[in-house]
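Have a look at the model before reading on.

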Amino acid sequence: MLTLNELFNNIKIDIKNANKIKELEQIRIKYLGKKSIFNTYMRSIKDCSFQEKKKYSMIINEIKKDIFYKIDEKNKILNKVLLNKRIKAEKIDISLPGRRTEYGVLHPITHTINDIKIFFSKLGFQAINSPEIEDEYHNFDALNIPKNHPARDSHDTFWFDNNRLLRTQTSSMQIRIMKKEKPPMRFIFPGKVYRNDYDITHTPMFHQIEGLIVDRNINFSNLKWMIYNFLYNFFGKNISIKFRPSYFPFTVLSAEVDIINDHSEALEILGCGMVHPKVLKNVNIDSTLYSACAFGIGIERLAMIRYGISDLRSFFENDIKFLKQFKYN
Ligand code: DAH
């Protein structure tokens, strides 16, 4: 059996020669583990005196401590070597082009609504959000569209039960706001409306902005001036606009407005008119004192013309290639 000194020297050489972390770990297990060779040394002195045993085990413990530190030191060195190797191997190539950050943009419909809101806010209109679930009274009856009125057919309504429905037009907000506020008032109501229809110019959900002015002496010229200004502001002065007489149950003097495109085709974009005295009566506004004008703009139609989109459905298909085209200033 080697003397403790010889053994210690051998271990030191082993540690020195180890050049892998795994080897070092094996040395640690061999000399400091449970089945360490030092146990044999301890057993060899089992017949010695207590004092001698004590002295001997202290020496062994010192040696073990030393081995522990030597292994630890060597471990650090080997780790450093390994790290340096990795740093060299995994060098970052700073000449590679970086990954691009993708920026999202507003959906064209949101952007269009924002634009319209800004325009009308300058004319003193306040924008109000409104419920999409309506009742028959606000969506139809109070707007002078009683049951069996043919105008109801064209709305292809989604009903929840025999009273509640998904609003088919933002005009329902005319009733709600006129009941709540006292004239004079100017409001716009942007929002989603629903009709059971689906083709290249119709989707079951689309957006409208309703506008309403109630004041003394409001007349059709005021309305016309405002619509012209709005459209010139939105599309630019060289747009061709056509006011066409029309019919809505809740307006008297009713018009629809078309934009004439480069192929001389008329694209309907809004309905408007002077609010019907019957409607004013329904909301307890004295039509001998006040008059009101209103308009309902189809947002998708405006956006389609502005961005040259031919299929309305593309707004809602979430096709990233379609949506990525839009960049606003
Ligand atoms: N609510 C009508 C529709 O959805 C549009 C409309 C027409 C709104 C005339 C108005 C209006 O405020 O005066 O077809």
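## Ground rules

Helices (H or I, at least four residues) and strands (E, at least two) are DSSP runs, numbered from the N terminus. This is a predicted model, with local features needing pLDDT of at least 70 and side-chain atom pairs counting only at pLDDT 80 or more, while totals for chains, interfaces and linings use all residues. Residues are numbered from 1 along each chain as its sequence is written, and side-chain values use heavy atoms, leaving out hydrogens and water.

## The annotated stretch

An unreviewed UniProt entry lists residues 119-317 as "domain: Aminoacyl-transfer RNA synthetases class-II family profile"; such annotations may be inferred rather than shown by experiment. Over residues 119-317, the chain is 26% helix and 33% strand, with its end C-alpha atoms 28 Å apart.

## Around the ligand

The ligand has 15 residues around it, and Gln169, Ser171, Arg195, Gln208 and Glu210 come nearest (a residue is near if one of its heavy atoms lies within 4 Å of the molecule). By class, that shell has five nonpolar, eight polar and two charged residues. Here Ala, Val, Leu, Ile, Met, Phe, Trp, Tyr, Cys and Pro count as nonpolar, Asp, Glu, Lys and Arg as charged, and the others, Gly among them, as polar.

Now for polar contacts, meaning pairs of N or O atoms within 3.5 Å. An N or O atom in the side chain of serine 171 is 2.8 Å from a ligand nitrogen. Taken alone the ligand exposes 350 Å², and the protein buries 91% of that (areas by the Shrake-Rupley method with a 1.4 Å probe). Elements giving two or more residues to the shell are β5 (205-215), β8 (266-275) and β9 (291-298).

Most residues other than glycine have a negative phi, and most peptide bonds are trans. Leucine 253, in strand β7 (residues 251-260), has a positive phi of about 75°.

Proline 183 and proline 184 are joined by a cis peptide bond, with omega about 5°. Proline 184 is in the loop between α8 (172-180) and β4 (185-194).

Notes. Polar contact = N/O pair within 3.5 Å; in protein donor to acceptor, adjacent residues only side chain to side chain.
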